[in-house]
Every structure is written in structure tokens, then in C-alpha cells.
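Here is a short report on how the parts of this chain pack together. Please look over the sequence and the model first.

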Amino acid sequence: MSFQEKIKVIFTKAELVKLIYIFIGILIMGLFEVVGVSSIAPFIAVIASPELIHENIYLNSLYVFFDFNAEVNFIVFLGICVISILLISNSYIAFMTSVITYFSSMLTSRLQIRLLGNYLMQPYSFFLTRNTSDLGKNILTEVGRVTDGFIMKSLIVVSKIIIVLFLFSLLLFVNPIVAITVTMVLGLA
């Protein structure tokens, strides 16, 4: 049985469409993670040296646009913005985690019902040669192992890999030497 045939056996067309939406959501989650992480460093830099507000063209534009009269007020504004970005980012990550968990639970339920239906269609002789506790274990435990232990974990691993790739791309953009050095050191470790 080929990989595509196995996918068609496990997933319905509607579930495959949902998987595509989940993958898109995971990509967006990676972007939110990058935005959240990249918002912290400039904020800390402004706290460490407030003169950056007037030296940096973007910060100065914000400072002038909102007509701040003191640097402290602008730093508080930046802090509120960073906290808001992190709250939105973490809320979206929590939402996507719940979507992945819900998808896995619904898949488990559907596969359990399908397996039970398959067992119920078997002739009486099928049950004479099988232990019914093994059949029950297959329905109640083994299906959950496949969906929770493999499919859900695979989606979570894909999401973590995408986040790592996005963060690495950010680090590569900000400082390529540090990005390559860290990759080599961690890769060797």
C-alpha cells in the first residue's frame, strides 16, 4: 500500500482540507512567534539607551507621530505595544494548539467508530477466533495511540520546526555570523 493510499484510508477529504488549513495556521503561528521575539530586543535596547528614540528613524517617526512629550511616556507606550504583541502571539499559539488537539480528538473518534462498524460487519466466525478484549483494546486504545501518538505529535513537531526555521531566518537576517556560529555549535552538540 503506497503512502497516498494510506493517507486516503486514514483521512477523509474534509479532514485533508482541515489539515491544509491547520498547516496554514501553523505558518501564521511561526510568523507570530517571530514578531513576538523580534519585538523584545528593540524594546530592551530603548530601555538601555533612550537616546535611540531620536537616533532611530522608525522610533523617531513614532515618537513624532503620536506627539509624545517625554521619552518615559514613549517607553511605556513601547512596553504596552510589546506586551500586546506577546499576548496576541501567545493567544494565537494557544488557539492553534487547541485546534490541533481538537482535530486529533475528532479523528480518533471517527476512526474508533469506523473500526467498531468494521468489526460489527464481520461474520460470527470472526469473533469465535478472536479475543473480544483485544478487539475492544484496538478500538479504545490503539486508535488513540495512532492519532495522539503519531498524527497529533507530527503536527506539533511540524509546528516547532516551522517556528525554528522562522526564528533562524530572523537571526540570519539580523546577524548572519551569529546565526551560522550558533547553528554549527548546536549542530555539533
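## Aromatic residues

One aromatic cluster is made up of Y63, F65, F66, F68, F74 and F77. The model is predicted. Across the structure, the count of aromatic pairs comes to 13.

One of these pairs is F32 with Y92.

Y92 and F95 are about one helical turn apart, because they are 3 residues apart in helix 5. Y92 has 17% relative accessibility, so it counts as buried. F32, at 28%, is partly exposed. F95, at 47%, is partly exposed.

## Helix 2 against helix 7

Two packed helices are described by the angle between their axes and the distance between the axes. Helix 2 covers residues 13–48, and helix 7 covers residues 132–174. Their axes are 9 Å apart, at an angle of about 40 degrees. The crossing is right-handed.

Helix 2 brings residues including L19, I22, F23, I26 and M29 to this contact. Helix 7 answers with L155, V158, S159 and I162, among others. The residues of the contact divide into 16 nonpolar, 3 polar and 1 charged. E33 of helix 2 is among the residues that take part.

## Nonpolar cores

The largest nonpolar core has 18 residues. Within this core, I22, I26 and M29 have the most contacts. Helix 2, helix 5 and helix 7 each give two or more residues. The largest share, 7 residues, comes from helix 5.

Which residues does I26 touch, not counting those up to four places away in sequence? They are M96, I100, L155, V158, S159 and I162. A second, separate core has 10 residues, including V46, I53, Y63 and I75. Y63 is also a member of the aromatic cluster.

## T108 in helix 5

T108 lies in helix 5, which spans residues 71–120. Is this residue buried or exposed? T108 has a relative accessible area of 10%, so it is buried; the cut-off for buried is under 20%. Beyond its neighbours within four places in sequence, T108 is in contact with V143, G144, T147 and D148.

Conventions
Residues are numbered from 1 along each chain as its sequence is written. This is a predicted model: local features need pLDDT of at least 70, side-chain atom pairs count only at pLDDT 80 or more; totals for chains, interfaces and linings use all residues. Side-chain values use heavy atoms; hydrogens and water are left out. Helices (H or I, at least four residues) and strands (E, at least two) are DSSP runs, numbered from the N terminus. Buried means under 20% relative accessible area, exposed over 50%, partly exposed in between (1.4 Å probe, protein chains only). Contact means heavy atoms within 4.5 Å. Axes are lines fitted to C-alpha atoms, for helices over the stretch in contact, and angles run from 0 to 180 degrees between N-to-C directions. A crossing is left-handed if the near helix is turned anticlockwise from the far one by less than a right angle, and right-handed if clockwise. Ala, Val, Leu, Ile, Met, Phe, Trp, Tyr, Cys and Pro count as nonpolar, Asp, Glu, Lys and Arg as charged, and the others, Gly among them, as polar. A nonpolar core is a set of buried Ala, Val, Leu, Ile, Met, Phe, Trp, Tyr and Cys residues joined through side-chain atoms within 4.5 Å. Rings of Phe, Tyr and Trp (its six-membered ring) pair if their centres lie within 6.5 Å; planes under 30 degrees apart count as stacked, over 60 as edge-to-face and the rest as tilted.
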